[in-house]
Amino acid sequence: SQNLGILSILFCAGFLSNITRGTTTSPSPSDFERVVEAQRRIWAELKYRRNKPVLSPMSLISMPSR
């Protein structure tokens, strides 16, 4: 999926410490396969350095055209 692709890029760039498949209630790869698609989620953990997130606040730099 597109979300997993973006998260993979952020992980490789060092902004995330972990990416896990899971459900709406918990990051559990084994439960991911057992639930319906609407209940599936991708869990991403931010990486921290000196108790601050490596990924700082972001802002929109371009608007999609209509």
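Hi everyone, here is a short tour of one protein chain, residue by residue.

Before we start, please keep in mind that this is a predicted model, where local features need pLDDT of at least 70, side-chain atom pairs count only at pLDDT 80 or more, and totals for chains, interfaces and linings use all residues. Residues are numbered from 1 along each chain as its sequence is written, and side-chain values use heavy atoms, with hydrogens and water left out.

Let's begin with confidence. The pLDDT, which is the predictor's confidence in each residue on a scale from 0 to 100, averages 89 over the protein chain, and 98% of the residues score at least 70. Confidence is highest in β1, at a mean of 94, and lowest in β4, at 88. A word on those labels: helices (H or I, at least four residues) and strands (E, at least two) are DSSP runs, numbered from the N terminus.

Now look at strand β1, residues 16-23, which holds Thr-20. Is Thr-20 buried or exposed? Its relative accessible area is 17%, so Thr-20 is buried. For the cut-offs, buried means under 20% relative accessible area, exposed means over 50%, and partly exposed is in between, using a 1.4 Å probe and protein chains only. If we leave aside neighbours within four places in sequence, Thr-20 is in contact with Pro-27, Pro-29, Arg-41, Ile-42 and Trp-43. Contact here means heavy atoms within 4.5 Å.

Leu-16 is also in strand β1. This residue counts as buried because its relative accessibility is 4%. Which residue has its C-alpha atom 4.5 Å from that of Leu-16? That is Leu-46, 30 residues apart from Leu-16 along the chain. Beyond four places in sequence, the contacts of Leu-16 include Leu-7, Leu-10 and Phe-11, and also Ala-44 and Lys-47.

Next stop, helix α2, residues 29-32, where we find Phe-32. Phe-32 is buried, at a relative accessible area of 11%. Over its ring sits the charged end of Arg-40, 4.8 Å from the ring centre. The rule for that asks for NZ of Lys or CZ of Arg within 6 Å of the ring centre and within 35 degrees of the ring normal. Arg-40 is also among the residues in contact with Phe-32, as are Arg-21 and Gly-22.

How many salt bridges are there? The count comes to 2, where a salt bridge is a side-chain nitrogen of Lys or Arg within 4 Å of a carboxyl oxygen of Asp or Glu. One of them joins Arg-21 and Glu-33, with the closest N and O atoms 3.9 Å apart. That pair links distant parts of the chain, 12 residues apart: Arg-21 is in strand β1, and Glu-33 is in the loop between α2 and β2 (40-46). Arg-21 is partly exposed at 43%, while Glu-33 is exposed at 52%. Another salt bridge is formed by Asp-31 and Arg-34, with the closest N and O atoms 3.4 Å apart. Here Asp-31 is partly exposed at 25%, and Arg-34 is exposed at 64%.

Last, let's visit the loop between β3 (48-49) and β4 (52-53), which is the place of Arg-50. Asn-51 is in the loop between β3 and β4 too. Phi of Arg-50 is near 55°, a positive value in a residue other than glycine. For Asn-51, phi is near 60°, again a positive value in a residue other than glycine. Arg-50 is exposed, with a relative accessible area of 76%, and Asn-51 is exposed at 76%.
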